[in-house]
Amino acid sequence: MSENSGLFTHIDHVGIAVRDLDEAIAFYEEKYGMRMAHREENEEQGVAEAMMEVGDSTSCIQLLAPLNEKSTIAKFLDKSGPGIQQMAYRVKDIDDVCAKLKERGLRLLYPEPKIGTAGSRINFVHPKDAGGVLVELVEPGTSH
């Protein structure tokens with residue numbers, strides 16, 4: 001990857017914080033005609049989530065509901081209410097992208113990537129270094 005080449009291959013998903021996951025899934029299915037591609041609970045991050053497919057693209061809307069009042073999503077909902085919580089970009093090699101972003105002076109939330117949805121590897125760019133946007137980096141897992 002050259003120094004000036006793009007680091008991201010696609011918009012992987014946009015994360016939407018919701019209070020009730022089942023209600024949000026029903027809304028996206030009934031009103032927008034989206035189909036749920038994947039659903040899981042991530043105990044470490046304290047979220048229940050569902051990936052909703054956007055048409056025939058490879059992009060998704062990720063619906064995120066808190067599993068407990070201490071989760072990041074619960075805190076987000078308390079502060080900001082339901083809505084866009086993150087922008088996630090797909091990458092081919094998260095270790096390489098993280099190294100390049102660190103070289104470029106950006107702070108990452110985790111020292112090493114963690115396991116995310118469907119076995120993906122993830123990390124986040126600190127919102128203070130990304131214009132106030134929580135940017136997630138996603139290297140898809142084998143089931144993506």
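Tutor: Gladly! Let's begin with accessibility: buried means under 20% relative accessible area, exposed means over 50%, and partly exposed lies in between (1.4 Å probe, protein chains only). This is a predicted model, where local features need pLDDT of at least 70 and side-chain atom pairs count only at pLDDT 80 or more, while totals for chains, interfaces and linings use all residues. Residues are numbered from 1 along each chain as its sequence is written, and side-chain values use heavy atoms, with hydrogens and water left out.

Student: Why is D96 called partly exposed?

Tutor: D96 has 24% relative accessibility, so it counts as partly exposed.

Student: And K100, is that buried or exposed?

Tutor: K100 is called buried because its relative accessible area is 11%, and the cut-off for buried is under 20%.

Student: What makes D96 and K100 a salt bridge?

Tutor: A salt bridge needs a side-chain nitrogen of Lys or Arg within 4 Å of a carboxyl oxygen of Asp or Glu. The closest N and O atoms of D96 and K100 are 3.7 Å apart, so the pair qualifies. In general, side chains of opposite charge can pair when their charged atoms come close.

Student: How are D96 and K100 placed in helix α3?

Tutor: They are four residues apart in that helix, which means about one helical turn separates D96 from K100. Helices here are DSSP runs of H or I with at least four residues, strands are runs of E with at least two, and both are numbered from the N terminus.

Student: How do you know that R35 and E53 form a salt bridge?

Tutor: Their side chains meet at 2.9 Å, N to O, and the limit is within 4 Å, so they pass. The pair links distant parts of the chain, with R35 in strand β2 (residues 35-42) and E53 in strand β3 (residues 47-53), 18 residues apart. E53 is partly exposed, because its relative accessible area is 26%.

Student: How many salt bridges does the rule give?

Tutor: The count comes to eight.

Student: Why is I61 called buried?

Tutor: I61 has a relative accessible area of 15%, so it falls in the buried class. I61 belongs to strand β4 (residues 60-66).

Student: What does I61 touch?

Tutor: Contact means heavy atoms within 4.5 Å. Leaving out residues up to four places away in sequence, I61 touches V14, I16, Y28, M34, A50, M51, M52 and V54.
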